[in-house]
Amino acid sequence: MKRVGIPRALIYYKFAKMWEKFFNELGAEIIISPLTNKKIKSDSTRLAPNEDCYSTKLFFGHTMAIKDQVDYLFIPRFGSENKDSVGCPKFIGLAEVLRSMFPDLPPIIMPHYNMAKGRDGKLSFFIKAYKVGLYFTKNPFKIIKAFKLALREHKQYKLELIIDEESLLKWEQSVLSLNDPPIIEENERMLKIALVGHSYVINDPFASLNIRKILQNHGVDLITSEQMPRNLIERQIDKLNFALYFDYEKEILGTIMHFIESKTIDGIIHIMVFSCGPDSIAGEMASQFSKRDSKIPLLQLVFDELTAEAGLRTRIEAFIDMLRRGAKEKPIYIATKVHV
Ligand code: SF4
């Protein structure tokens, strides 16, 4: 049985279910790197180019964690799954960078997929997936079946993750819970906060310094930007007088714009990644929108490899304390880009 290694970083957090189903159905053994830990972080910072963002650096450590256990590494060169927006250029270049920096790595399977500018579509997606399948089996029926089931898995994952506007309303009214229930002390008011950022940060407990748990323990009922209804995000982004080109930043900025406008929650926490170009655009715009309409406090935190949990806790506790003291009633703008 051939073993395929998938680094648990970057777009793994978007496509994990699909990839795992595909390779499972092909009969491959899948080795996924462990959850980010101290060793992965230290390897990442030692090996990755200094100028890379923290999230890209972590990809290096995750790759090194599994490289000796697998026959192939699977690192797709992912451009976009939309016609009018793109992911990050890092997603496209990373496989080649790793191969050229570390020639001893196992062979890297690196299909390139990019729907933007109409280059790729359903057919080319199938052809590329088929070619990947050939690394593991020569049986065309097996590959076709694996492809179909993987697509179904991805659709189901998105259905479960992304809510509709009715569910958002129910969450805002505390009729529906979307994440782990908050732990509320006696006489404490539950807070509603939107946690906004890249899925590979907010879903990685180590990289995000357990921010979700910290918030949960402080009585916060969360919604994340990746859970937000897509049509609502599109409507917000349509209000901009220019085309925002980055997928993730649409999700991030659309979420922030919605809650600044709707005023249905207590606050917004925006996690940015140090030296991320797209984040610097969305972050600046979010802070401008927040300054113009400052009823919903916005806390922007910049994460990098030096970020420490104690610093984060202090910021979060101060923010929550302020929200509890009723800052929502007073116009208040919190901060832009606080390095924690
Ligand atoms: S979008 Fe930003 S955080 Fe994500 S990989 Fe690109 S530069 Fe890094």
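Tutor: Start with helix α5 (residues 122-133) and helix α6 (residues 140-161), whose axes come within 10 Å and cross at roughly 125°. That angle makes α5 oblique to α6 (under 35 degrees counts as roughly parallel, over 145 as roughly antiparallel, 65 to 115 as roughly perpendicular, and the rest as oblique). The model is predicted: local features need pLDDT of at least 70, side-chain atom pairs count only at pLDDT 80 or more, and totals for chains, interfaces and linings use all residues. Residue numbers run from 1 along each chain as its sequence is written.

A few conventions apply here. Helices are DSSP runs (H or I, at least four residues), as strands are (E, at least two), numbered from the N terminus. Axes are lines fitted to C-alpha atoms, for helices over the stretch in contact, and angles run from 0 to 180 degrees between N-to-C directions.

F126, A129, Y130 and G133 of α5 make the contact with I143, A146 and F147 of α6, where contact means C-beta atoms, placed from the backbone, within 7 Å. This contact has 6 nonpolar residues, 1 polar and no charged ones (Ala, Val, Leu, Ile, Met, Phe, Trp, Tyr, Cys and Pro count as nonpolar, Asp, Glu, Lys and Arg as charged, and the others, Gly among them, as polar).

The pair α2 and α3 packs at an angle of about 115°, with axes 7 Å apart, and this crossing is also right-handed. On α2 the contact uses I40, K41, D43, S44, T45 and L47, and on α3 it uses K57, L58, F60, G61, H62, M64 and A65. These residues divide into 6 nonpolar, 4 polar and 3 charged.

Helix α11 (residues 247-262) and α12 pack at about 10°, with their axes 10 Å apart. That makes α11 roughly parallel to α12. From α11 come Y248, E249, I252, L253, I256, M257 and I260; from α12 come P278, I281, A282, M285, A286, F289 and S290. The contact of α11 with α12 has 12 nonpolar residues, 1 polar and 1 charged.

Next, the wider arrangement. The domain assignment, which is automatic or from a database, gives domain 1 (3-160) and domain 2 (163-339). Their C-alpha centres lie 28 Å apart, and 21 residues of domain 1 are in contact with 21 residues of domain 2. On the domain 1 side, α1 (12-26), α2 (38-47) and α3 (54-66) each supply at least two residues. Of these, α3 gives the most, with 4 residues. That side of domain 1 divides into 9 nonpolar, 8 polar and 4 charged residues.

Helices α3 and α12 turn up again at the ligand, where each supplies at least two residues of the shell. The shell holds 13 residues, the closest being C53, C88, K90, V273 and C276 (a residue is near a molecule or strand if its C-beta atom, placed from the backbone, lies within 6 Å of it). Here α12 gives the most, with 3 residues. By class, the shell has 7 nonpolar, 4 polar and 2 charged residues. Domain 1 and domain 2 each contribute at least three residues to it.

Technical notes
Two residues are in contact if their C-beta atoms, placed from the backbone, lie within 7 Å. A crossing is left-handed if the near helix is turned anticlockwise from the far one by less than a right angle, and right-handed if clockwise.
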